[in-house]
Amino acid sequence: MADKTARRPAASAWFTNRGVNIKILTAVLVAALVGGVVGILGITALSRTNDAAHSLYEENLLGVDRAAVMRRATIDMRLNVTNHALSADAAEFSRFREAALEAEATAREKLAEFRAVEITAAQATALDEFESQLDAYVDLRDSRMFPAGEADDYEAWRAARDDASEGIAAMMEALQTVLDEERTVAEAAAQGAEDTYTSSRT
């Protein structure tokens, strides 16, 4: 009985017996196929990396910016309250009072933006503390510091400022906690994005 395998030319022999045009066309098709697969894998990897980078920006870097704006607004509010007390006329009293209120509004706006996105439990606690202390400071500012400033009663104003100092320190500490948490989460997200990119290349 004849060996059936003998009647089946090997694939290499079949290719060897083809004409030059067939060989070139086959090589081009194989190269195109490989290139297409590599291209698809590359696009997928870039898409994953882009998604990770976008998530990092949306969820973490914006959070750092919000916390920084809140800190700056808190400092500006206190500075304007001090300038209000040092004002020489009604126009300056009004200008610095409005500036202090605007700074407060900015801090509260960023606080609301923070609470509209996903945050850690530690950040939520710190933001609650910030808001509580901000409310207490605003109450003291409006009931004691503004009136004392406009009455040129420096002793009363300084007493109110001293009473507010502990709450101010708590506000700044709360914001530092928010920033520290945001940076920790951002670092983890950045490492995740790097790991995604690295795994997509292997």
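Which residue lies over the face of phenylalanine 114? Arginine 66 does, at 5.8 Å from the ring centre. This is a predicted model. The protein has five helices and zero strands. Its pattern along the sequence reads α-α-α-α-α.

**Overall make-up**

- Of the 202 residues, 26% count as buried.
- Take the contacts in the protein with a separation of 6 or more: 73% of them come from residues 24 or more positions apart.

**The nonpolar core**

- The largest nonpolar core has 30 residues.
- Met70, Val81, Phe130, Tyr137 and Met145 touch the most other members of this core.
- Helix H2 (20-85), helix H3 (90-115), helix H4 (121-150) and H5 each give two or more residues to this core.
- H4 gives the most, with 10 residues.
- Valine 81 is in contact with Ala100, Tyr137, Arg141, Met145, Phe146 and Trp157, leaving aside neighbours within four places in sequence.

**Helix H3**

- H3 has 26 residues, which should span 38 Å at 1.5 Å a residue. Its end C-alpha atoms are 38 Å apart, so the span agrees.
- At the start of H3, a side-chain oxygen of aspartate 89 comes to within 3.2 Å of the backbone nitrogen of alanine 91.

**Charges over rings**

- Phenylalanine 96 has the charged end of arginine 95 over its ring, 4.4 Å from the centre.
- Phenylalanine 114 has arginine 66 over its face, at 5.8 Å from the ring centre.

- Asparagine 80 lies in helix H2. Its relative accessible area is 13%, under the 20% cut-off, so asparagine 80 is buried.
- The side chain of asparagine 80 reaches the backbone oxygen of aspartate 76 at 2.9 Å.
- Not counting residues up to four places away in sequence, asparagine 80 touches Phe96, Ala99 and Ala100.
- Histidine 84 also has its place in helix H2. With a relative accessible area of 0%, histidine 84 is buried.
- The side chains of histidine 84 and glutamate 150 are joined by a polar contact of 2.9 Å.
- Histidine 84 touches Phe93, Phe96, Arg97, Phe146, Gly149 and Glu150, again not counting residues up to four places away in sequence.

- How many aromatic pairs does the structure hold? It holds one.
- The ring centres of tyrosine 154 and tryptophan 157 are 6.3 Å apart. Their planes stand at 20°, so the pair is stacked. Stacking requires planes under 30 degrees apart.
- Both residues lie in helix H5 (residues 154-201). They are three residues apart, about one turn of the helix.
- Tryptophan 157 counts as buried because its relative accessibility is 5%.
- Tryptophan 157 is also one of the contacts of valine 81.

How values were computed. Residues are numbered from 1 along each chain as its sequence is written. This is a predicted model: local features need pLDDT of at least 70, side-chain atom pairs count only at pLDDT 80 or more; totals for chains, interfaces and linings use all residues. Side-chain values use heavy atoms; hydrogens and water are left out. Rings of Phe, Tyr and Trp (its six-membered ring) pair if their centres lie within 6.5 Å; planes under 30 degrees apart count as stacked, over 60 as edge-to-face and the rest as tilted. Helices (H or I, at least four residues) and strands (E, at least two) are DSSP runs, numbered from the N terminus. Buried means under 20% relative accessible area, exposed over 50%, partly exposed in between (1.4 Å probe, protein chains only). A charge sits over a ring if NZ of Lys or CZ of Arg is within 6 Å of the ring centre and within 35 degrees of the ring normal. A nonpolar core is a set of buried Ala, Val, Leu, Ile, Met, Phe, Trp, Tyr and Cys residues joined through side-chain atoms within 4.5 Å. Contact means heavy atoms within 4.5 Å. A polar contact is a pair of N or O atoms within 3.5 Å; within protein, one must be able to donate a hydrogen and the other to accept it, and residues adjacent in sequence count only if both atoms are side-chain atoms. The expected span of a helix is 1.5 Å times one less than its number of residues.
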